[in-house]
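User: I have not seen this structure before. Please take me through it by question and answer.

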Amino acid sequence: MQEDKLRRQNRLVLVLLALLVVVGLGIHQYFNYALTPVNRSSMARVTVTIPQGATDDQVAAILKKHGLIRSRYVFSYYLQTHKTSGVKAGHFTLRQSSSVPQIASRLQENQAAKRH
């Protein structure tokens, strides 16, 4: 009796571990997908304006609205974990063929923003 109960618990633990691994791999795959360009073949340029004092979440919302990123949440997380300096305010000309790392780097460059 005790042995059957132990086997069921072990199976449950193994199933839960397998489920966690599958979910973790799925999240990892989605994150990597969200970092890729929205449209690799697009050469169109999109101009966005980042206001002074904008938060990472606000910047992500602006970029998502203009079709430059796949996920606001992934972009915000990427900025939080890879920020070398703050996102600059100004007008930026970006492409849908740019990846999240390329866009984030461009938004942090001093010379990239065109101020009025």
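Predicted model: local features only at pLDDT ≥ 70, side-chain atom pairs only at ≥ 80, totals over all residues.

User: Is R70 buried, exposed or partly exposed?
Analyst: Buried would need a relative accessible area under 20%, and exposed one over 50%. R70 has 22% relative accessibility, so R70 counts as partly exposed.

User: Which residues is R70 in contact with, leaving aside its neighbours within four places in sequence?
Analyst: A contact requires heavy atoms within 4.5 Å. With the neighbours within four places in sequence set aside, the residues in contact with R70 are Y33, A34, T36, P37, V38 and K64.

User: What separates the C-alpha atoms of R70 and L35?
Analyst: R70 and L35 are 35 residues apart along the chain.

User: Which element holds R72, and what is its relative accessibility?
Analyst: R72 lies in helix 3. R72 counts as partly exposed because its relative accessibility is 36%.

User: Which residues does R72 contact, leaving aside neighbours within four places in sequence?
Analyst: The C-alpha atoms of R72 and Q58 are separated by 9.0 Å, and these residues are 14 residues apart along the chain. Apart from neighbours within four places in sequence, R72 is in contact with A60, A61 and K64.

User: Where is G53 found, and is G53 buried or exposed?
Analyst: G53 is found in the loop between strand 1 (45-50) and helix 2 (56-65). The relative accessible area of G53 is 63%, so G53 is exposed.

User: How many aromatic pairs does the structure hold?
Analyst: Two rings form a pair if their centres lie within 6.5 Å. The number of aromatic pairs in the structure is two.

User: How are the rings of Y30 and Y33 arranged?
Analyst: The ring centres of Y30 and Y33 are 6.5 Å apart. Their planes stand at 45°, so the pair is tilted.

User: Why are Y30 and Y33 separated by about one helical turn?
Analyst: Y30 is partly exposed at 43% relative accessibility, and Y33 is partly exposed with a relative accessible area of 45%. Both residues are in helix 1 (residues 2-34). They are separated by about one helical turn because they are three residues apart in that helix.

User: What kind of aromatic pair do F31 and Y77 form?
Analyst: The distance from centre to centre is 5.6 Å for F31 and Y77. The angle between their planes is 85°, and planes over 60 degrees apart count as edge-to-face. The pair of F31 and Y77 is therefore edge-to-face.

User: Which helices does the pair of F31 and Y77 link?
Analyst: F31 is partly exposed, with a relative accessible area of 22%, and Y77 is partly exposed at 48% relative accessibility. The two residues are 46 residues apart, and their pair links distant parts of the chain. The helices are helix 1 for F31 and helix 3 (residues 72-82) for Y77.

User: What pattern does the protein chain follow along the sequence?
Analyst: The protein chain has four helices and two strands. Read along the sequence, their pattern is α-β-α-α-β-α.

User: Why is the protein chain more spread out than a compact globule?
Analyst: For 116 residues, the globule rule gives 13 Å. The protein chain is more spread out than a compact globule because its radius of gyration is well over that value, at 21 Å.

User: What box do the C-alpha atoms of the protein chain fill?
Analyst: The box is taken along the principal axes. Its dimensions are roughly 80 × 30 × 20 Å.

Definitions and conventions:
Residues numbered from 1 in each chain as written. Heavy atoms only, no water. Rg over C-alpha atoms; globule rule 2.2 N^0.38 Å. Phe/Tyr/Trp six-rings, centres within 6.5 Å; stacked < 30°, edge-to-face > 60°. Buried < 20%, exposed > 50% of the residue type's maximum accessible area, 1.4 Å probe, protein only.
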